[in-house]
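Biologist: Please take me through this model and set each label against its definition.

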Amino acid sequence: MTKDFGADLVGPRSAFKFHRTQPTERISGSAGDVLEDDPVGRLKVFVYELPSKYNKKILQKDPRCLTHMFAAEIYMHRFLLSSPVRTLNPEEADWFYTPVYTTCDLTPNGLPLPFKSPRMMRSAIQLISSNWPYWNRTEGADHFFIEEKAIDRGILPLLQRATLVQTFGQRNHVCLKDGSVIIPPYAPPQKMQAHLIPPSTPRSIFVYFRGLFYDVGNDPEGGYYARGARASVWENFKDNPLFDISTEHPTTYYEDMQRAVFCLCPLGWAPWSPRLVEAVIFGCIPVIIADDIVLPFADAIPWEDIGVFVAEKDVPKLDTILTSIPINEILRKQRLLANPSMKQAMLFPQPAQSRDAFHQILNGLARKLPHDKNVYLNPGEKILNWTAGPVGDLKPW
Amino acid sequence: MKQLTALQQQGRRSNSFRNASSPLDATVDGAIKSPATIFWLILHGLCCLISLVLGFRFSRLVFFLLFSTSSSPSATNIYSALQTTLPSSGAASPPERNVSAAGGSRVVVGRHGILIRPWPHPDPAEVMKAHGIIERVQTEQRSQYGVKNPRTVIAITPTYVRTFQTPHLTGVMHSLMNVPYDLIWIVVEAGGATNETASLIAKSGLKNIHIGFDGKMPFLWEDRHKLESRMRLHALRIVREKRLDGIVMFADDSNMHSLELFDEIQNVKWVGAVSVGILVGGSEETELTIVQTDDNGKDEKKSQVPVQGPACNSSNHLVGWHTFNTLPFVDRSARYIGDRAFVLPRKLEWAGFVLNSRLVWEDTEDKPVWVKEWEEVGRDDEGVESPLSLVKDTSVVEPLGSCGRKVLLWWLRVEARADSKFPARWIIDPPLEITVPAKRTPWPDAPPELPSSAEKVIIMPENTEKRPTKSGSRKKRSSRSKRKRSAKVLDEHALARHSIGDN
């Protein structure tokens, strides 16, 4: 299915012309015309009605879940409930969604605890498999779950055949399931909108980064956190005037990103970070330092064209790498980043708007249709092992 | 770090233990000491010594290798641990091997080295390249989001040669040099064009028109303002004759301009007004805040916000003008140039207005109807107080800078005393007559010399006169105050030789 690139983009930015006498050029929409697909009509999703102890009650206990990085699962549930792709007739559904908020178990600091989520998930699956026949029909191959926080020991065995929508993307890692839809972490759209500065503000910072370089609490000697990459950035470039990097938390963080040409997005304990989303929204070229990372919506967004990928071993040469990118490349990347559909695809706005991340998730799921015929099991056939996994997981929740 | 010190303490303790034990040994007959305790003692000492010498990490590694029997620690861990203990400088690449769990992945679990290159400092060539990139990005931004068709800026500056001309004109010059648009600078000089001004302006590299204006700059501020108006009109005459196209703005040489001003005036269509901050500079205590106890009838502006400019209503239409109420200060203001009191602005300064240069052209078809003919205006040079005289109807003026809310330039008049002397072009040639050796300068920690001749002693009293003002403004240092006292003593006792060396 080919559409021509540079399809008409509505919006003021698409009509800019260069001042000089060069031929006019549009900000070409080659950032995936696939981003503009509308999932409505391409798939149908059935949402299981789970008792509120799996979703609403959890949220009531801790409303902070609505603003942290993994809030996408909650917003996705709300979106699906009122979306036109939802169907109330499970017979015609292509995908089944189980609304269980597994990452809504937060420490006092706001970091999610992964301990109870296997049990919660298992109990939810037991519920749906006993109350509806659709799980057993395919052993979950046409079900999808939003499994945000990676559990260290890997995917729950029960979810082996299901599709996961997750933020974690690292190739060949136990936490990444093949065929998952990778989504960006949740970043609050209103907050970012409130900090926009006029686009004519000149970009005067070359490289910008704010965050930890050493995780003194968990990794005092260094070398484990970020596989040493962040520490390497610090040690090599702390006195370089081109690199505006520090561990401070300035209130002008968003404004500063809009004044920077490059924004570093190195890995932390996990390869992904909200910095990628923020960089795309604010038009700062992301410099991704994470080996083997799988980026969100990788089949729809041409990340190679938009960002700069630097191998972890090349971090000491980061300044050479960045200054030797030809200027036309840089301008092209900035033009691609200015594409509004690109920014929209990274956001989870409330209420949902067209082409936003919710729709991209549905697009991703729609691209996996139709299901292969052999996912449908014969009656009585069992593939999943219900007793696999650590003993602690088998306790009822 | 902590571990090392702890280790050292431990070592010391063990040393002391050994020392303590050796007298113990000495006291007890050596033969009776059991070999087991000796063995353990020696082993303990050896371990401590190894720890001390090799450092914490190595010693742990050695023990680990020696004593571990389990097979679970994977080879990768030990390898990467060894890797990190090697000096981490130099581009040592992390082990590129397959981890048991994953196949074909570049990513290895475990401890990685922190890669630091041998010279982790910026390379000047790369810094220059980066700046080139930033400039190019900014040019692109300007062409995309900035003003679409920037017009030439025509800056008109009246000036004349005096002490403060150089600092004032340098300030304006540097502001104009940073303007990203095409610029023509028209400098009108009272008393005729001089080489001094010409050489100053030439340093800017800007396109300029330097014209002289007959008539020396008068002594009184009133007259000076009038002459400046006439000079500006003369410059507008030049614009008309040469048919210069662009936006005319008035850059007085003692004013301060922000670069946003030049971006903002590009938006003007015919006549625009910006808000000007009025800096009423003064010497000693100038009480600018007055208490308006009795309000007589119409009291326009209660607040003494020192800004002149357009006033808008809530729908951003021009409804009037903010002016700085100078009446309370008139009796305290300066009357002649070089007066120590502050200088007050007139009702509306020229600097707050910008014009489309086509307004003063002759024979242009699309001149708006409300503009007066040039001949009308130019005839009566004396009466032109502000560019508003060029228009018949002041309501057509466009307020700029978000309707006057942004102050984009500041007005100030500061001049030196009329009899102040300054070297021509601020070049000292021939050298000054009075040369005072450096030791005379009251640096605080330089020990003062004894006055060796009467001449130098005479100079001292002059310094004491000046010093009260100087030391009043700076922090007192003990040596200087002592000096002052001793110098005063000198003054009292005329030529009596007292030792000044008090430090």
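Modeller: Start in a strand pair: B:G272 stands opposite B:V354 in β10(B). The model is predicted, so local features need pLDDT of at least 70 and side-chain atom pairs pLDDT 80 or more, while totals for chains, interfaces and linings use all residues. Residues are numbered from 1 along each chain as its sequence is written, chains are lettered from A and ligands numbered from 1 in the order in which they are written, and side-chain values use heavy atoms, without hydrogens and water.

Biologist: What makes strand β6 (residues 271–273) of chain B a partner of β10(B)?

Modeller: Two strands pair if DSSP finds at least two bridges between them. Three bridges join β6 of chain B to β10(B), and the two run antiparallel, so the pair meets the rule. β4(B) is also joined to β10(B) by three bridges, again antiparallel, and there B:I247 is opposite B:N356. Strands themselves are DSSP runs of E with at least two residues, helices runs of H or I with at least four, both numbered from the N terminus. By that count chain B has 13 helices and twelve strands.

Biologist: Which way do the side chains of strand β10 (residues 353–356) of chain B point, and are they buried or exposed?

Modeller: B:F353 and B:L355 point one way, B:V354 and B:N356 the other, and all are buried. Buried means under 20% relative accessible area, exposed over 50%, and partly exposed in between, with a 1.4 Å probe and protein chains only. Buried residues make up 39% of the 503 residues in chain B.

Biologist: What makes β5 and β9 (318–322) of chain B edge strands?

Modeller: The open sheet has five strands in the order β5-β12-β7-β8-β9 (chain B), with mixed pairing. β5 and β9 each have a single partner strand, so one side of each is left without a neighbour in the sheet. For β5(B) that partner is strand β12 (residues 407–411) of chain B, joined by two antiparallel bridges. One contact point is B:M256, whose bridge partner in β12(B) is B:W410.

Biologist: How do you know whether B:D253 and B:R162 are buried or exposed?

Modeller: B:D253 has 3% relative accessibility and B:R162 has 8%; each counts as buried.

Biologist: What makes A:R210 and A:D244 a salt bridge?

Modeller: Their closest N and O atoms are 3.0 Å apart. A:R210 is in strand β6 (residues 205–210) and A:D244 in strand β7 (residues 243–246) of chain A, so the bridge links parts 34 residues apart in sequence. At 11% relative accessibility A:R210 is buried, whereas A:D244, at 26%, is partly exposed. Over all chains the count comes to 25 salt bridges.

Biologist: Why is the group B:F39, B:W40, B:L43 and B:L46 called a nonpolar patch?

Modeller: Patch residues have over 30% relative accessible area and no salt bridge; nonpolar side chains (Val, Leu, Ile, Met, Phe, Trp, Tyr) are joined within 5 Å, like charges within 9 Å. B:F39, in helix α2 (residues 35–54) of chain B, has 47% and is therefore partly exposed. The four have about 430 Å² of accessible area together; such areas come from the Shrake-Rupley method with a 1.4 Å probe, and for residues only the protein chains shown count as cover.

Biologist: How many residues does the contact between the chains take from each?

Modeller: It takes 41 residues from chain B and 49 residues from chain A, contact meaning heavy atoms within 4.5 Å. The buried area is about 3900 Å², of which carbon and sulfur atoms give 59%; this is the accessible area (1.4 Å probe) that two parts lose on being put together, summed over both. One salt bridge is counted between the chains: A:D319 and B:R117 meet at 3.0 Å, N to O.

Key:
A salt bridge is a side-chain nitrogen of Lys or Arg within 4 Å of a carboxyl oxygen of Asp or Glu.
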